[in-house]
Amino acid sequence: MKDVSKIILEQVEDYNELLDDKVDTSAGDETVLFGRGGVLDSVDFVRLLVDIEQAVADEYGKHIALTNEKAMSQKNSPFRTVGTLSEYIKKLLEE
């Protein structure tokens, strides 16, 4: 199975094809997805999350919901970087 970070980066690269301002994925897990330093607006970010949810479901056979109350209420956003999102997805997959 693919590593979760790799799935996220692949989805970002695919989504970049639709964007004028591309997400620079050269930093790997440190790539900023959302918030300060990020180039995605909220609509683009939600669309990307939907794509990531589907890719994770396809790879792992388990559907997860990234935009839930648990994610929104965390002190440190799981959506900040590829690495933080990857860790969050791994936790969801273990539940």
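Predicted model: local features only at pLDDT ≥ 70, side-chain atom pairs only at ≥ 80, totals over all residues.
Reader: Hi! Where does Asp14 sit?
Author: Asp14 is placed in helix α1. Helices here are DSSP runs (H or I, at least four residues; strands are E, at least two), numbered from the N terminus. Residues are numbered from 1 along each chain as its sequence is written, and side-chain values use heavy atoms, with hydrogens and water left out.

Reader: OK, and how exposed is Asp14?
Author: Asp14 is partly exposed, with a relative accessible area of 47%. Buried means under 20% relative accessible area, exposed means over 50%, and partly exposed is in between (1.4 Å probe, protein chains only).

Reader: How far is Asp14 from Leu93?
Author: They are 79 residues apart in sequence, and their C-alpha atoms are 23 Å apart in space.

Reader: What about Gln11, buried or exposed?
Author: Gln11 is also placed in helix α1. Its relative accessible area is 15%, so Gln11 is buried.

Reader: Which residues does Gln11 touch?
Author: Setting aside neighbours within four places in sequence, Gln11 is in contact with Leu48, Asp51, Ile52 and Ala55. Contact means heavy atoms within 4.5 Å.

Reader: Which other residues of α1 are buried?
Author: The buried set in α1 is Val4, Ser5, Ile7, Ile8, Gln11, Val12, Tyr15 and Asn16. These buried residues pack against α2 and α4.

Reader: New topic! How long is α1?
Author: α1 has 13 residues and reaches 18 Å from its first C-alpha to its last, close to the 18 Å expected at 1.5 Å a residue. The expected span is 1.5 Å times one less than the number of residues.

Reader: And how long is α2?
Author: Helix α2 has 19 residues and reaches 26 Å between its first and last C-alpha, close to the expected 27 Å. Its buried residues include Phe45, Leu48, Leu49 and Ile52, and the buried residues of α2 pack against α1 and α4.

Reader: How do α1 and α2 cross?
Author: Their axes come within 9 Å and cross at roughly 135 degrees. That makes α1 oblique to α2. Axes are lines fitted to C-alpha atoms, for helices over the stretch in contact, and angles run from 0 to 180 degrees between N-to-C directions. Angles under 35 degrees count as roughly parallel, over 145 as roughly antiparallel, 65 to 115 as roughly perpendicular and the rest as oblique.

Reader: What is the handedness of the crossing of α1 and α2?
Author: The crossing of α1 and α2 is right-handed. A crossing is right-handed if the near helix is turned clockwise from the far one by less than a right angle, and left-handed if anticlockwise.

Reader: Which residues of α1 and α2 meet there?
Author: Among them are Ile8, Gln11 and Tyr15 in α1, and Leu48, Ile52 and Tyr60 in α2. By class, this contact of α1 with α2 has 10 nonpolar, 1 polar and 4 charged residues. Ala, Val, Leu, Ile, Met, Phe, Trp, Tyr, Cys and Pro count as nonpolar, Asp, Glu, Lys and Arg as charged, and the others, Gly among them, as polar.

Reader: Now α4. At what angle do α2 and α4 pack?
Author: They pack at about 50 degrees, with axes 12 Å apart. That makes α2 oblique to α4. Leu49, Ile52, Val56 and Tyr60 in α2 meet Leu85, Ile89 and Leu93 in α4. The contact of α2 with α4 has 7 nonpolar, no polar and no charged residues.

Reader: And how do the axes of α1 and α4 cross?
Author: The axes of α1 and α4 come within 9 Å and cross at roughly 125 degrees, which makes α1 oblique to α4. The crossing of α1 and α4 is right-handed. The contact residues include Ile8 and Leu9 of α1 and Leu85 and Lys90 of α4.
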